Amino acid sequence: MNVYRLFPYRLIAISVLLSSLSCSIKPAVSNYVDLVNPLIGTAPSTTISALHHGEDVTENNAQVVPYVTVPFGMTNWTAQTKATETKCVAPYYYTDTKISGFRGSHWLSGSCVQDYGSMTIMPITGKLKCQAEDRASSFSHDNEKTTPYHYNVNLADYKIDVNMTATKRCGLFQFTFENSGEAHIIVNPNSDEAKGFVQINAEKNEIVGYNPVHKIYQGSGDSAGFSGYFVVQLSKSSAKFGVYQNEKIRQGNTQISNLENIGAYISFDVEKGETIEAKIGTSFTSIEQARKNLAAETKDLDFEEAKENLRETWENLLSKVQVEGTNKDDKVKFYTAMYHSYLQPRTFNDVDGTYVSFNGGTKLMNSGNDDYFTDFSMWDIYRASLPLFNMLTPKVNGQMMKSLFLMAEQGEWMPIFPCWNSYTSAMIGDHAIAAIADAYMKNTIDISDKEYGYLLQNAFKLPVNHADYVNGKGRRALDSYLKYGYVPLEDEVKESFHHGEQVSRTLEYAFDDFALSQIAAKRGDTLHSRLLKKRALNYENVYSVADSTVRGRFADGTFTKDFDKFIRKPYITEGTPYQYTWYVPQDIKGLMNLMGGEEGFNANLDRFHSANQYWHGNEPGHQIPFLYNYSGQAWKTQELVTQIMKTEYSNDVGGLSGNDDAGQMSAWYVFAALGFYPVAPSVPQYVISGPHFDKITLRFENGKQLIINAKGASLGNNYIQKIKFNGVEYDKTYLDHFSIMKGGTLDFEMGKQPNKAWGTAKESKPFSISN
């Protein structure tokens with residue numbers, strides 16, 4: 001039986017016009033970075049489940065942009081086709097036809113949040129036009145070159161060739177003018193709040209400024225307590241300059257602030273073929289720190305050298321995973337997915353370690369020799385992105401976990417969804433706990449008594465001051481959850497951006513409780529381990545046996561009559577009850593028992609797929625394709641994962657099936673291509689689905705290598721016949737994290753037909769609480 005034929009999707013054809021994380025050893029072959037296509041995902045999705053399940057343009061767009069940046073860079077650089085910091089509007093879309101500048105962006109890649117503290121630079125010729133809409137130039141994708149280390153485009157209306165590259169905190173530009181005459185370079189802070197500052201220092205060929213950061217979600221519109229600061233240094237001097245506000249140009253003026261649509265310009269007489277260079281330093285601390293960052297990262301650094309340095313940085317990172325196979329398209333998808341996975345979280349500190357304190361920026365802190373990170377899309381990235389870092393780049397992942405604890409120390413509570421260096425409860429769950437548990441259980445980090453106390457506080461207490469709760473501290477609806485063992489429908493969870501969603505909250509809190517129980521057990525805290533492990537079974541309290549799905553429940557124990565498992569409900573986050581039913585990664589065996597055992601579980605899961613309910617574009621379902629490994633039908637997991645990789649990812653600009661959400665959608669693909677996936681972060685296991693390349697070499701930070709051989713996998717032999725690990729036959733349907741980190745050889749014998757007997761033994765199945 002071909003289980004994916006249970007998906008009667010109707011394929012709708014839509015054409016869309018379409019420093020260092022590295023080991024010190026340079027890769028033998030230097031071309032992995034050239035397989036990355038940053039334009040994948042920059043147009044509305046054309047994948048099957050996106051067309052079927054996405055409700056609006058924001059859900060049906062990956063929301064990635066073609067960033068030129070270092071991995072986890074402070075400021076990411078992109079051509080700008082949308083001149084706004086409005087929520088859910090990315091700075092670049094492939095379907096747009098004009099470029100209005102080149103942005104130093106802090107957009108959370110693949111998200112539906114906001115850009116913040118950004119600035120834009122734009123070269124033009126002829127008449128001075130300062131407003132973004134007026135100055136925008138047409139361009140052709142045929143004349144656009146995008147890589148992680150270099151962007152090149154021709155501004156057709158002005159006959160200007162633009163080249164862009166970057167360091168961790170700075171951008172470097174070359175503007176080459178094809179014709180002689182008058183030219184202008186315009187710089188503006190991208191404030192949508194009629195705030196900001198810009199100043200010209202003509203003697204230094206310099207434009208400086210800042211763009212104050214404002215919150216969304218908790219305290220929407222309020223100041224976040226810091227700004228995005230910038231220093232622009234130009235290679236050519238001029239005595240012609242000014243500032244502007246809307247259409248009013250103030251020639252000769254040197255500064256302007258706190259008005260809508262402000263900026264500055266410097267004008268030049270240029271020769272045919274002349275190039276003006278710009279170097280831009282950024283900071284979240286001050287203009288002076290932006291200048292220091294610029295000096296530290298770009299002094300005596302020419303453009304070509306910077307470009308080559310950035311190329312090498314990405315090459316060394318991507319070469320940690322070397323894949324071999326016959327299908328180049330699959331390699332492009334794979335390395336683009338790795339690139340997208342390594343864009344966020346964001347480095348927040350200056351080159352000397354300085355950063356503004358969490359949740360208000362009232363103090364200057366220092367991260368020492370480590371980096372301090374923010375912009376954790378935590379509802380998403382704890383699932384696969386952070387586990388990917390734990391495996392490939394554990395050192396930087398440890399710094400990220402340390403950053404979360406520093407936030408707790410500075411704000412007195414663990415953050416829920418920390419973005420723009422502030423508390424938010426933008427999404428549900430308490431997944432900093434799960435992220436930290438995964439790192440702790442894999443020995444990436446240690447946890448002090450004080451840090452452990454912050455984790456327990458989130459799980460057992462709420463702020464005494466209700467204003468702190470309203471402002472994003474503490475789990476939403478924790479009181480109800482502790483009282484009933486689930487969040488009842490009467491609790492509308494009003495102090496959250498997402499109201500309601502009680503069933504989804506219950507399921508995700510149950511997993512977070514399990515993850516914390518893992519930490520407690522490892523620390524020898526048997527009391528909390530026992531309490532939290534019991535709470536990890538709270539998913540049972542919102543499961544309706546009669547419906548074989550989860551369902552909204554009132555405080556008196558009755559289930560809501562407002563129920564259709566195939567339709568979105570307000571007690572479910574961004575999905576249907578049927579889609580969220582399978583979110584019990586800590587206890588799939590227990591869920592199976594509720595469904596009547598393996599036979600009932602498999603029949604229900606088959607019905608789920610045949611009803612077109614699987615939606616790859618939303619993260620809570622990302623573990624679903626791997627669940628057949630728990631129920632004796634691992635071959636169906638192999639088939640599903642193969643089909644999803646083919647139909648939900650492509651090399652087209654619409655080739656991602658939903659919001660990439662800081663790389664989670666992409667990290668799923670990376671793991672799937674490797675042949676295993678972290679279904680339950682904090683459990684040091686990966687559930688096997690089978691490799692999709694003939695040979696994969698993983699180079700770990702500890703100096704070990706894991707070689708995965710799967711001859712014929714790239715040709716479509718995607719069913720596992722048998723496995724050998726270091727020469728010994730291996731019949732488990734999961735891999736142990738610590739075993740693979742020791743290195744060695746995994747040999748997969750792959751075939752075109754399923755081996756339905758593989759992985760069926762009870763002892764072959766992955767971890768569940770109920771095992």
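## Loops, sheets and cores in a predicted model

Asn261 sits in the loop that runs between strand E16 (255–257) and strand E17 (262–270). The structure is a predicted model. Although Asn261 is not a glycine, its phi is positive, at about 55°. The residue is partly exposed, with a relative accessible area of 37%.

Asn421 also has a positive phi without being a glycine, at about 55°. Asn421 belongs to the loop between helix H8 (394–411) and H9. At a relative accessibility of 0%, Asn421 counts as buried because the cut-off for that class is under 20%. The table sets out the two asparagines.

| Residue | Phi | Relative accessible area |
|---|---|---|
| Asn261 | about 55° | 37%, partly exposed |
| Asn421 | about 55° | 0%, buried |

Another backbone feature is the peptide bond from Gln344 to Pro345, which is cis, with omega near 5°. Pro345 is part of the loop between helix H5 (328–341) and strand E20 (346–347).

The loop between helix H9 (432–441) and helix H10 (449–460) holds Thr444. Which residues does Thr444 contact, leaving aside its neighbours within four places in sequence? They are Asn390, Pro394, Asn397, Gly398 and Ala439. With Asn390, the side chain of Thr444 also makes a polar contact of 2.9 Å. Ser319 is 125 residues from Thr444 along the chain, and the C-alpha atoms of the two are separated by 21 Å.

Turning to the sheets, six strands form an open sheet in the order E19-E28-E29-E33-E30-E31, and the pairing is mixed. Strand E19 (321–324) and strand E31 (728–730) are at the edges; each has a single partner strand, so one side of each is left without a neighbour in the sheet. From one strand to the next, the twist averages 20°. Within this sheet, strand E30 (residues 719–725) pairs with strand E33 (residues 744–751) in the antiparallel sense over six bridges. Lys722 has Glu749 in E33 as its bridge partner.

A further open sheet has three strands in the order E26-E27-E32, with antiparallel pairing. Its edge strands, E26 (676–677) and E32 (734–736), each pair on one side only. Strand E27 (residues 685–688) is joined to E32 by three bridges in the antiparallel sense, and Gln685 stands opposite Asp736 in E32.

Helix H19 (residues 664–674) is mostly covered, with 11 of its 11 residues buried. Among them are Trp668, Tyr669, Phe671 and Leu674. Gly675 follows H19 and has a positive phi, near 105°.

The largest nonpolar core has 224 residues, of which Phe102, Phe334 and Met391 touch the most other members. Apart from it lies another core of eight residues, including Cys170, Phe197, Ile287 and Ala290.

As for annotation, the UniProt record, an unreviewed entry, places the feature "domain: Glycosyl hydrolase family" at residues 289–752. Over residues 289–752 the chain is 41% helix and 12% strand. The end C-alpha atoms of that stretch are 59 Å apart.

Methods. Residues are numbered from 1 along each chain as its sequence is written. This is a predicted model: local features need pLDDT of at least 70, side-chain atom pairs count only at pLDDT 80 or more; totals for chains, interfaces and linings use all residues. Side-chain values use heavy atoms; hydrogens and water are left out. Two strands pair if DSSP finds at least two bridges between them. Helices (H or I, at least four residues) and strands (E, at least two) are DSSP runs, numbered from the N terminus. Buried means under 20% relative accessible area, exposed over 50%, partly exposed in between (1.4 Å probe, protein chains only). Contact means heavy atoms within 4.5 Å. A polar contact is a pair of N or O atoms within 3.5 Å; within protein, one must be able to donate a hydrogen and the other to accept it, and residues adjacent in sequence count only if both atoms are side-chain atoms. Axes are lines fitted to C-alpha atoms, for helices over the stretch in contact, and angles run from 0 to 180 degrees between N-to-C directions. UniProt positions are given in the numbering used here, feature names are shortened, and annotations may be inferred rather than shown by experiment. A nonpolar core is a set of buried Ala, Val, Leu, Ile, Met, Phe, Trp, Tyr and Cys residues joined through side-chain atoms within 4.5 Å.
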